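Here are a few notes to read alongside the model. Take them in any order you like.

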Amino acid sequence: MRNSLARISLALLAAAVVPAMIVGLLANIDPLFPSESRIKYCLGLSLIAFFVALAHAVVLGLPAFFVVSKLHLTQWWMSIVCGFIIGTVPFAILDWRETSSVLVPGINQMDNGVYLIKNGVMTMAWWYQNIFHNSMFGVFGILGAYSAWLVWRYFPAPSYSEMI
């Protein structure tokens, strides 16, 4: 019991740390910040990403793991599928709630000269843009879920005698 609890705890930690590190590295690419403030910016963004990823892992990933374990489907490909869904769906719901408030006749919304919402109706450009943006969060979900699966699957948990 303790073995599996330790492995699951380490897997949850990996699911939060890996996406946070990637976010910090991607934020470091931005050349607009001077080097001193860039480091603070990257660390702050990584910290925020860590807590968001940890919340996703605990609230959504842990129940998904228990369901997948019960169905005997704890494979690498299932972690990728679940990670993409867990990374994408919450942000898609937030996008949908934000957009639904402007879906009234006569409202138009443009981005770079392209109608996203025309006369209160979402256009194909809106769908393409939101699918692309939400899929980026799905990639972070894949990275977190796959790293959690790797830790859960291959990391040797300490035995009970080593914990005493």
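1. A cut-off to start with: a residue is called buried when its relative accessible area is under 20%, exposed when that area is over 50%, and partly exposed in between. Keep in mind that what you are looking at is a predicted model. Take Ser79, which sits in helix 3. Its relative accessibility is 10%, and since buried means under 20%, Ser79 counts as buried.

2. What does Ser79 touch, once its neighbours within four places in sequence are left aside? The contacts are Ala145, Tyr146 and Trp149. Of these, Tyr146 turns up again below as a member of the nonpolar surface patch, and Ala145 is one of the residues lying nearest the centre of the largest pocket.

3. Now for the overall layout. The protein chain has five helices and three strands. Reading from the N terminus, the order is α-α-α-β-β-β-α-α. There are 164 residues in the chain, and 26% of them are buried. If you look at contacts between residues at least 6 apart in sequence, 63% of them link residues at least 24 apart.

4. A word on the surface. The chain's accessible surface is about 10,900 Å², and carbon and sulfur atoms account for 73% of that. Part of the surface is a nonpolar patch formed by Trp76, Trp77, Val81, Phe84, Ile85, Val89, Ile93, Tyr146, Leu150 and Tyr154, which together have about 930 Å² of accessible area.

5. Which elements each supply at least two residues of that patch? They are helix 3 (76–100) and helix 4 (124–154). Helix 3 gives the largest share, with seven residues. Trp77, one of the patch members, belongs to helix 3. It has a relative accessible area of 39%, so Trp77 falls between the 20% and 50% cut-offs and is partly exposed.

6. Asn134 is in helix 4. Is Asn134 buried or exposed? With a relative accessible area of 7%, Asn134 is buried. Apart from neighbours within four places in sequence, Asn134 is in contact with Thr88, Phe91, Ala92 and Asp95.

7. Next, the largest pocket. Its volume is about 740 Å³, and 37 residues line it. Ala15, Ala57, Gly141, Gly144 and Ala145 are the ones nearest the centre. Helix 1 (2–27), helix 2 (35–70), helix 3 and helix 4 each give two or more residues to this lining. Helix 2 makes the largest contribution, twelve residues.

8. His72 has a positive phi of about 55°, although it is not a glycine. His72 is also exposed, with a relative accessibility of 69%.

9. Gln75 is in the loop between helix 2 and helix 3 as well. At 38% relative accessibility, Gln75 counts as partly exposed. How far apart are Gln75 and Arg153 in sequence and in space? They are 78 residues apart along the chain, with 9.1 Å between their C-alpha atoms.

How values were computed:
Residues are numbered from 1 along each chain as its sequence is written. This is a predicted model: local features need pLDDT of at least 70, side-chain atom pairs count only at pLDDT 80 or more; totals for chains, interfaces and linings use all residues. Side-chain values use heavy atoms; hydrogens and water are left out. Patches are made of residues with over 30% relative accessible area and no salt bridge: like charges are joined within 9 Å, nonpolar side chains (Val, Leu, Ile, Met, Phe, Trp, Tyr) within 5 Å. Accessible areas come from the Shrake-Rupley method with a 1.4 Å probe; for residues, only the protein chains shown count as cover. A salt bridge is a side-chain nitrogen of Lys or Arg within 4 Å of a carboxyl oxygen of Asp or Glu. Helices (H or I, at least four residues) and strands (E, at least two) are DSSP runs, numbered from the N terminus. Buried means under 20% relative accessible area, exposed over 50%, partly exposed in between (1.4 Å probe, protein chains only). Contact means heavy atoms within 4.5 Å. On a 1 Å grid over the protein atoms alone, a cavity is a set of points where a 1.4 Å probe fits but cannot get out, and a pocket is an open set with protein on both sides within 12 Å along at least five of seven lines; lining residues have an atom within 4 Å of a point. Grid points are joined across faces, edges and corners, and a volume is the space filled by probe spheres set on the points.
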